[in-house]
Amino acid sequence: MFSFQLLATDGAARAGVFSTPHGDVPTPAFMPVGTLGTVKGLAMEEVAGLGARMVVANTYHLYLRPGHELVRRLGGLHAFMRWDGPILTDSGGYQVFLNGSPKPSRVFSICLAQSVLKSCW
């Protein structure tokens with residue numbers, strides 16, 4: 001399902017291909033940030049047209065707005081973002097800490113991450 005193939009090294013630097021069920025990502029890679037499920041100011045077709053192969057989303061921000069139930073109702077994160085390629089999701093743990101939110105339980109954390117990916121609740 002997921003794999004990494006090392007293609008070249010030069011000192012500490014390395015190049016390779018990260019393979020996911022949604023496509024391959026040559027590394028190193030530029031990953032535009034779509035914190036709330038969109039890269040501000042660009043349609044996802046434009047993001048792809050600029051050469052992005054993977055985007056980043058923030059699970060905590062998506063949980064707060066628009067909410068996991070809406071994302072699920074709209075077909076999951078890929079459908080919500082209108083992005084067929086790989087998505088790297090940041091848990092949002094830093095934002096929980098920064099905003100002084102109550103410390104989430106382990107079960108809540110797992111369900112929060114999975115809810116955006118359609119497999120919880």
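This report describes the predicted model of one protein chain, from its overall layout to selected residues.

## Basis of the model

The structure is a predicted model in which local features need pLDDT of at least 70 and side-chain atom pairs count only at pLDDT 80 or more, while totals for chains, interfaces and linings use all residues. Residues are numbered from 1 along each chain as its sequence is written, and side-chain values use heavy atoms, with hydrogens and water left out.

## Overall layout

The protein chain contains 6 helices and 5 strands. These elements are DSSP runs numbered from the N terminus: helices are H or I runs of at least four residues, and strands are E runs of at least two. Along the sequence they follow the pattern β-β-β-α-β-α-α-α-β-α-α.

The chain has 121 residues, of which 32% count as buried. Buried means under 20% relative accessible area, exposed means over 50%, and partly exposed lies in between (1.4 Å probe, protein chains only). Among contacts (heavy atoms within 4.5 Å) between residues at least 6 apart in sequence, 51% join residues at least 24 apart.

## Strands E2 and E3

Strand E2 (residues 13-20) and strand E3 (residues 23-27) pair in the antiparallel sense over 5 bridges. Two strands are taken to pair if DSSP finds at least two bridges between them. A hairpin joins E2 to E3 through 2 residues.

Threonine 20 belongs to strand E2 and stands opposite glycine 23 in E3. Threonine 20 counts as buried because its relative accessible area is 11%. Its side chain reaches the backbone nitrogen of histidine 22 at 3.0 Å and the backbone oxygen of glycine 23 at 2.9 Å. Such polar contacts are pairs of N or O atoms within 3.5 Å; within protein, one atom must be able to donate a hydrogen and the other to accept it, and residues adjacent in sequence count only if both atoms are side-chain atoms. Leaving aside neighbours within four places in sequence, threonine 20 is in contact with Met1, Phe2, Met54 and Pro86.

In strand E3 lies proline 26, which is partly exposed at 38% relative accessibility. Not counting residues up to four places away in sequence, proline 26 touches Gly16, Val17 and Arg53. Proline 26 and methionine 54 are 28 residues apart in sequence and 9.7 Å apart in space, C-alpha to C-alpha.

## The aromatic pair

The model has 1 aromatic pair, formed by phenylalanine 2 and phenylalanine 18, which are stacked at 6.2 Å centre to centre with 25° between the planes. The pair links distant parts of the chain, 16 residues apart: phenylalanine 2 is in the segment before strand E1 (3-10), and phenylalanine 18 is in strand E2. Rings of Phe, Tyr and Trp (its six-membered ring) pair if their centres lie within 6.5 Å; planes under 30 degrees apart count as stacked, over 60 as edge-to-face and the rest as tilted.

Phenylalanine 2 is exposed, with a relative accessible area of 53%, whereas phenylalanine 18 is partly exposed, with a relative accessible area of 27%.

E4 pairs with strand E5 (residues 87-90) in the parallel sense over 4 bridges, and alanine 57 stands opposite threonine 89 in E5.

The largest nonpolar core has 11 residues: Val39, Met44, Val47, Ala52, Val55, Ala57, Leu62, Leu77, Met81, Trp83 and Ile87. Helix H1 (44-49), E4 and helix H4 (77-81) are the elements that give two or more residues to this core. A nonpolar core is a set of buried Ala, Val, Leu, Ile, Met, Phe, Trp, Tyr and Cys residues joined through side-chain atoms within 4.5 Å. Beyond neighbours within four places in sequence, valine 55 is in contact with Pro32, Met44, Val47, Met81, Trp83, Pro86, Ile87 and Leu88.

Asparagine 58, also in strand E4, is buried with a relative accessible area of 4%. A polar atom of its side chain lies 3.0 Å from the backbone nitrogen of tyrosine 60. Leaving aside neighbours within four places in sequence, asparagine 58 is in contact with Gly34, Thr35, Asp90, Gly92 and Gln95.
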